[in-house]
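Please look over the sequence and the structure before reading on.

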Amino acid sequence: MAVYKRSYRSYSGRLTPAWSRFFVLTRYALRNMFRSKFLLAVFVLSFFSPLICALLIYLNHNPTVLTMIHARNNEVINVNGDFFLGFLGVQGGIAFFLTAFIGPGTIAPDLANGALPLYFCRPFSRAEYVLGKLFSLFYLLSFVTWVPGLFLFGVEANLSGAGWAWEHRSLAVGILLSSWIYILMISLLAMALSAWVKWRIAAGALILGVMFFLSGFGAAINAVMRSNIGYYIAPGALITRVCAQLFGLESPVPIPAVGAWMALLTMCGICLALLGKKVRAFEVVR
Amino acid sequence: MTPVIELEGLGVRFGKRDILKGLTCSLSGRTIGLLGPNGAGKSTLINTLLGFYQPSGGTARIFGHDIRTQIKQIRSVVGYMPENDAFIANMTAVSFIRFMGELSGLPSEAALERAHESLFYVGLGESRYRKVGTFSLGMKQLVKLAQAIVHGPKLIILDEPTNGLDPPARQRMIRMIKEMREVHDLHIVLCSHLLRDVEEICEEVLILKDGRIVHYSNLEEERSANRRFVEMEPVGDSAAFAHALEGLGCECAFSANRLKAVLSDGIEIRDIYRLAAEGDVQLRRLNYRRDTLEDIFLKAMETTTNGSL
């Protein structure tokens, strides 16, 4: 029957499993993100660093090239914890920039246009909504952080042999865990600020502002009080400390790793609480 | 038959304010109207039924599902058209409706098919590839209706569906709601402060005031009841005239200088004229009239009850 001849009819067909419905939100959010040519350009640019690193790893294992350039210790680079930490530092910067650009577009438009009641009048919970939006950022940022990180690990393992992979398996764990905690923190921060500042541009600026302000404020506390307490409110320092622990390296941030983990998880908890306050069908005015 | 909506001492409190105060009733009609002045608690009741607000006391059931424990089951059979603007601005209408369908659990292809159908059904077929943010107020109302029906719910809750619509658009909206009402197994809850809309559409009416139920009326029963209402303006010994009418089995009541009568079976208008002539009473005016929803509403507004039916 032609579509325009149809009248109202109920639906009695198959339904998708309830647990999978938050992926719908992720799918639509990703589609929306990639409408931006600027985002696409930055996303493509984020693959340059992994390609260069992969090339360096390849050269590291090419005797002809090593002989040609008279490499010291017969290697171009040393593929170790420092290498992967540096790589993730670069990629983390790009990921943060991407988050500041796309993060505000996750929740702010829904709040500004009053769309939340439309989500929550369906069999779809607030937790699933946050999870769906979070997963869209997680998916995107994964391709900037741990996916290329593991790709480089795989390239090195392939060229060095299975023994290297087993011996350095802690690096793979470090790449995964440090990327995940970083993605979780910046994504939750972006979403929380996006929920509280409904204006997209302001929310983007605020994400950058909060990160830099907290780092600066933490440094000021350290300088004034001549202590290390300030590091606990500086997200960058906390991530650095946690990553150093995960990669088994000496950290430039002199606070205990457990404390850094706790501070990061507390920040994530605060962001979730902020989201919980705003992500509601209707705000209750008491 | 399971009632569509059952309220059992339902109370909602925001801070120290009681918004809904122990509502108790059972509604089974195909179209249920929620009436009340601004701030009566109509929208709060709807939002509580959808699980947006937690009840502070009592509970409610929709199709037998408890709102405290089975909210997902309730939401899967309900379509909701909110009162305020609610849309995703940078999506085309068809993508938006498809998205909403998928969130309700429809597979992607089915959601797309039903999105097209819903938009054609509400009259936005030609505009379905336009972004929702560019729509006029009336079109946004229609999009909200389309998203409420895309997943084929058993109950549609419409919160002020004719808000902001011009008269032709309002008529079309009402016609559509009436059409949907005819569909088997579909129930509609219409929340409005426009008495005309409710009277045109609804079978049952629940009137709220200050968070309490002040009146329940089964309009359908009243419409179908074989009672004939006559309103007259007698001049002369109207008390004797009323007494004479009551002698014929009619029910009479005075309001100002008017006499309202419910004619009993077998009594015709000519009998009234005959009685008037016999009692030397002039009838300055005589017309058929029964209580309109407006009368019911105004009476209910003067009433105070304990919130239960």
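Predicted model: local features only at pLDDT ≥ 70, side-chain atom pairs only at ≥ 80, totals over all residues.

Phe63(B) sits in the loop that links β4 (57–62) to β5 (65–66) of chain B. Its phi is near 50°, which is positive although the residue is not glycine. Most residues other than glycine have a negative phi.

Glu160(B) is another non-glycine residue with a positive phi, of about 50°. The loop that holds Glu160(B) runs between β7 (155–159) and α6 of chain B. Glu160(B) has 19 C-beta neighbours inside 10 Å and so counts as partly exposed.

## Chain B as a whole

Chain B contains 11 helices and 14 strands. Its C-alpha trace spans about 75 × 45 × 35 Å along the principal axes. Chain B has 309 residues, of which 45% count as buried. Among contacts in chain B with a separation of 6 or more, 68% are between residues 24 or more positions apart.

The chain is divided into domain 1, residues 5–222, and domain 2, residues 228–289. Between the C-alpha centres of domain 1 and domain 2 of chain B the distance is 44 Å.

## Helix α11 of chain B

Helix α11 of chain B covers residues 293–302, and its buried residues are Leu293(B), Ile296(B), Phe297(B) and Ala300(B). These lie on the same side of α11(B), because the arc they cover around the axis is only 95°. An α-helix has 3.6 residues a turn, so residues three or four places apart point the same way.

On the face of α11(B) turned away from the buried side are the exposed residues Glu294(B), Asp295(B), Leu298(B) and Glu302(B). The buried residues of α11(B) are covered by elements of chain B that include β3 (31–35), α7 (195–201), β9 (204–209) and β10 (212–218).

## The contact between chains A and B

How many residues of chain B are in contact with chain A? The count is 42 residues of chain B, against 33 residues of chain A. On the chain B side, at least two residues each come from α2 (71–76), β6 (78–81), α3 (93–103), α4 (108–122), α5 (137–149) and α6 (167–182). The largest share belongs to α4(B), with six residues. By type, the residues of chain B that touch chain A are 23 nonpolar, 11 polar and eight charged.

In soluble globular proteins, nonpolar side chains tend to be buried together. The largest nonpolar core here has 152 residues, and the members that touch the most others are Phe96(B) and Ala146(B). The element that gives the most to this core is helix α11 of chain A (residues 169–196), with 14 residues.

Leaving aside residues up to four places away in sequence, Ala146(B) touches Ile97(B), Ser118(B), Leu119(B), Val122(B) and Leu124(B).

Definitions and conventions. Residues numbered from 1 in each chain as written. Chains lettered and ligands numbered in written order. Domains from an automatic or database assignment. Buried ≥ 20, exposed ≤ 12 C-beta atoms within 10 Å, placed from the backbone. Helix = DSSP H or I, 4+ residues; strand = E, 2+ residues; numbered from the N terminus. Arc of directions from axis to C-beta. Contact = placed C-beta atoms within 7 Å. Nonpolar A, V, L, I, M, F, W, Y, C, P; charged D, E, K, R; others polar. Core = buried A, V, L, I, M, F, W, Y, C linked by C-beta atoms within 7 Å.
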